[in-house]
Amino acid sequence: MAIPRRRAAEAQAPPDADLSPLDDKLGFWLRLAQQASFDTLHRAIGPLGLTPGRLGVLLLLEANPDIRQAVLAEALHIKPSNLTVLLAALEAEGLIQRTEEAGNRRANRLRLTPAGVALLRQGEAAEAQTEAYLATALDAAERAALLSALRRIARG
């Protein structure tokens, strides 16, 4: 699956503006990089009915079968109420199953269904192409250094 390119109008440079006051602002470039990566990922996985958030949930559910819903929300840094809405949609689509934890009816355990696994495989393929595309301007050492720096920033 090729990653759809932006239309010519979307790829044009911004209007004439002096961006030099922002040129050395880490937050500015992080935001633009995040926006570019999400836009690229949306174009790749959108046709599958996925978003970056939905893909992240499926990836973590596969890696952590029967994870508690609250633990998943914390791991993804998502408000529990927002995750509940997302999980309800995934469950309605037959992609995940929620089961009450034995002895604690307030806690839900989450697991992928076979349909969820099948969709995840498609999403992973599209996401891998996106990752490769985003890293085209970086060699392996630069990519590793960037990931390391981003992890340090994210962890505070």
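Predicted model: local features only at pLDDT ≥ 70, side-chain atom pairs only at ≥ 80, totals over all residues.
**View 1**
Follow the sequence and you'll read off the pattern α-α-α-β-α-α-β-β-α-α. The C-alpha atoms fill a box of roughly 60 × 35 × 30 Å along the principal axes. Of the 156 residues in the chain, 24% are buried.

**View 2. Helix H4 (residues 69–76), its buried face and its exposed side.**
Look here for Gln 69, Leu 72 and Ala 73, which are buried in H4. Down the helix axis, the buried residues of H4 sit within an arc of 100 degrees, so they line one face of the helix. The background is simple: an α-helix has 3.6 residues a turn, so residues three or four places apart point the same way. Ala 70 and Glu 74 are on the other side of H4, and they are exposed. As for what lies over the buried residues of H4, the cover includes helix H3 (52–63), strand S1 (67–68), H5, strand S2 (96–101) and strand S3 (104–112).

**View 3. Helix H4 against helix H5 (residues 80–92).**
The axes of these two helices come within 9 Å and cross at roughly 110 degrees. That angle is why H4 counts as roughly perpendicular to H5. The crossing of H4 with H5 is right-handed. On the H4 side, you'll find Gln 69, Leu 72 and Ala 73 meeting Pro 80, Leu 83, Thr 84 and Leu 87 of H5. Sort the residues of this contact by type and you get 5 nonpolar, 2 polar and no charged. Gln 69, Leu 72 and Ala 73, the H4 residues that meet H5, are also buried.

**View 4. Helix H2 (residues 26–45) against helix H6 (residues 114–134).**
Here the axes come within 9 Å and cross at roughly 145 degrees. H2 and H6 make a right-handed crossing. From H2, the residues involved are Ala 36, Ser 37, Thr 40, Leu 41, Ala 44 and Ile 45. They meet Gly 123, Ala 126, Glu 127, Thr 130, Tyr 133 and Leu 134 in H6. The tally for this contact of H2 with H6 is 7 nonpolar, 4 polar and 1 charged.

Methods. Residues numbered from 1 in each chain as written. Heavy atoms only, no water. Axes fitted to C-alpha atoms, helices over the stretch in contact; angles between N-to-C directions. Helix = DSSP H or I, 4+ residues; strand = E, 2+ residues; numbered from the N terminus. Parallel < 35°, antiparallel > 145°, perpendicular 65-115°, else oblique. Left-handed = near helix turned anticlockwise from the far one by under 90°. Contact = heavy atoms within 4.5 Å. Nonpolar A, V, L, I, M, F, W, Y, C, P; charged D, E, K, R; others polar. Buried < 20%, exposed > 50% of the residue type's maximum accessible area, 1.4 Å probe, protein only. Arc of directions from axis to C-beta.
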